[in-house]
Amino acid sequence: MLRIAVPNKGSLSEPATEMLKEAGYRQRRDSRELVLPDPDNDVEFFFLRPRDIAVYVGAGTVDVGITGRDLMLDSESAAVEHLPLGFARSTFRFAGTAGEWTDVAQVGGRRVATSYPVLVRAYLRSLGIEPAGVVRLDGAVESAIRLGVADVIADVVETGTTLRAAGLEIFAEPILRSEAVLVRRSDVDEPAGLDILTRRIQGVLTAREYVLMDYDVPLGLVDDAVAITPGLESPTVSPLHNRDWAAVRAMVRRDQTNRVMDSLYDIGARAILVTSIHACRL
């Protein structure tokens, strides 16, 4: 069986579970379950702390896992990113007392507090910057400056509200743009079954990104309509009982749905219908 590590709690847990359900895999009903076999799909799930998943994957204890890109890079394990998953996006940045910081070079010779010490050291090293020290904290990093533990912090930033409330502001370029990723071990061949898991997840990602659009259009306007909805390879064009019209079906990006519908209507298309895609293989 393909052994898959899944986050057992936190912001990664629910969307990871939902994605796997959409991909056709069994998921636990009781949050206390730590191991869940899915013999119908020849996989076995292990529910682990998100921060530990890359470590288990890198050690070969499990074959693949879902975790954050930031957690993977901070783990110093032999795990590598196999597939980005498109959820739990965040930005990792420096922040300091408002009005005092403008450039990352100022971090040289100063103390940095973070929950991701490996990631921060590697980033500063790549820029040739040497801090006075990197202090690891497991939470409430934004309090480190006020409490005198550090001069500057490096943390995940979503809206920045928490930082502003603590009298801090972000500065310099982002250290990392993170999201949930599927990881595997870097120094071994892909495990059996990973290709199927990958195709299923890619199908879910595509189904979330696209919709299926059907419409009728006069024969003389088919080329104009197809230019608006080219589909992935080519749309399906079928004759109607009224020989002066054709039916067209194409995949359209979900975030462009209404704009495309407006454009089709303007050129003369009618009966424009949009259907969600539950799953697909491309």
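**Notes on the predicted fold**

1. Strand S7 (residues 111-114) runs parallel to S8, and 4 bridges join the two. Valine 112 has valine 134 of S8 as its bridge partner. The model is predicted, so these points rest on computed coordinates. On another strand, S7 pairs with S9, again in parallel, through 3 bridges. There, alanine 113 is bridged to isoleucine 153 of S9.

2. These pairings belong to an open sheet of 5 strands. Its order is S8-S7-S9-S6-S10, and the pairing is mixed. Which strands stand at the edges? They are S8 (133-136) and S10 (168-178). Each has a single partner strand, so one side of each is left without a neighbour in the sheet. On average, neighbouring strands here are turned by 25 degrees against each other, direction ignored. Strands of a sheet pair through backbone hydrogen bonds, either parallel or antiparallel.

3. Helix H4 (residues 117-126) packs on this sheet. H4 touches strand S6 (90-97), S7, S8, strand S9 (152-157) and S10. The direction of H4 makes about 80 degrees with that of S6. Together, S7, H4 and S8 form a β-α-β unit, and that unit is right-handed.

4. Another open sheet has 6 strands, ordered S2-S3-S1-S4-S11-S5, with mixed pairing. Strand S2 (35-38) and S5 stand at its edges. Each of these has a single partner strand, so one side of each lacks a neighbour in the sheet. From one strand to the next, the twist averages 30 degrees. Inside this sheet, S1 and S3 pair in the parallel sense over 6 bridges. Alanine 5 finds its bridge partner in phenylalanine 46 of S3.

5. Which helices pack on the 6-stranded sheet? Helix H1 (residues 13-22) does, touching S1, S3 and S4. The direction of H1 makes about 140 degrees with that of S1. Helix H6 (residues 194-209) packs on the sheet too, with contacts to S1, S4, S5 and S11. The direction of H6 makes about 40 degrees with that of S5.

6. Helix H2 (residues 50-59) has buried residues at Pro50, Ile53, Ala54, Val57 and Gly58. Seen down the H2 axis, the buried residues fall within an arc of 125 degrees, so they line one face of the helix. An α-helix has 3.6 residues a turn, so residues three or four places apart point the same way. What covers the buried residues of H2? The cover includes strand S1 (2-7), strand S3 (43-48), strand S4 (64-68), helix H3 (69-74), strand S5 (79-84) and strand S11 (180-185). After H2 comes glycine 60, with a positive phi near 85 degrees.

7. Valine 57 lies in H2. Is valine 57 buried or exposed? Its relative accessibility is 0%, under the 20% limit, so valine 57 counts as buried. Leaving aside neighbours within four places in sequence, valine 57 is in contact with Val62, Asp63, Val64, Gly65, Ala79, Val183, Arg184 and Arg185. Valine 57 and arginine 185 are 128 residues apart along the chain, yet their C-alpha atoms are separated by 5.8 Å.

8. The largest nonpolar core holds 42 residues. Phe45, Leu85, Phe94, Val107, Leu182 and Leu197 touch the most other members. Leucine 85 touches Met19, Ile66, Glu179, Ala180, Val181, Leu182, Ile201 and Leu205, not counting residues up to four places away in sequence. In soluble globular proteins, nonpolar side chains tend to be buried together.

9. Glutamate 179 deserves a look. This residue lies in the loop between S10 and S11. Glutamate 179 has a relative accessible area of 12%; buried means under 20%, so glutamate 179 is buried. With neighbours within four places in sequence left aside, glutamate 179 is in contact with Thr67, Gly68, Arg69, Pro84, Leu85, Gly86, Phe87, Ala88 and Arg89.

10. Last, a hairpin. Strand S13 (residues 236-239) and strand S14 (residues 245-253) run antiparallel, joined by 4 bridges. The hairpin leads from S13 to S14 through 5 residues. Valine 237 has valine 248 of S14 as its bridge partner.

How values were computed: Residues numbered from 1 in each chain as written. Predicted model: local features only at pLDDT ≥ 70, side-chain atom pairs only at ≥ 80, totals over all residues. Heavy atoms only, no water. Pairing = 2+ DSSP bridges. Axes fitted to C-alpha atoms, helices over the stretch in contact; angles between N-to-C directions. Contact = heavy atoms within 4.5 Å. Buried < 20%, exposed > 50% of the residue type's maximum accessible area, 1.4 Å probe, protein only. Arc of directions from axis to C-beta. Right-handed = clockwise from strand over helix to strand, strands pointing away. Core = buried A, V, L, I, M, F, W, Y, C linked by side-chain atoms within 4.5 Å.
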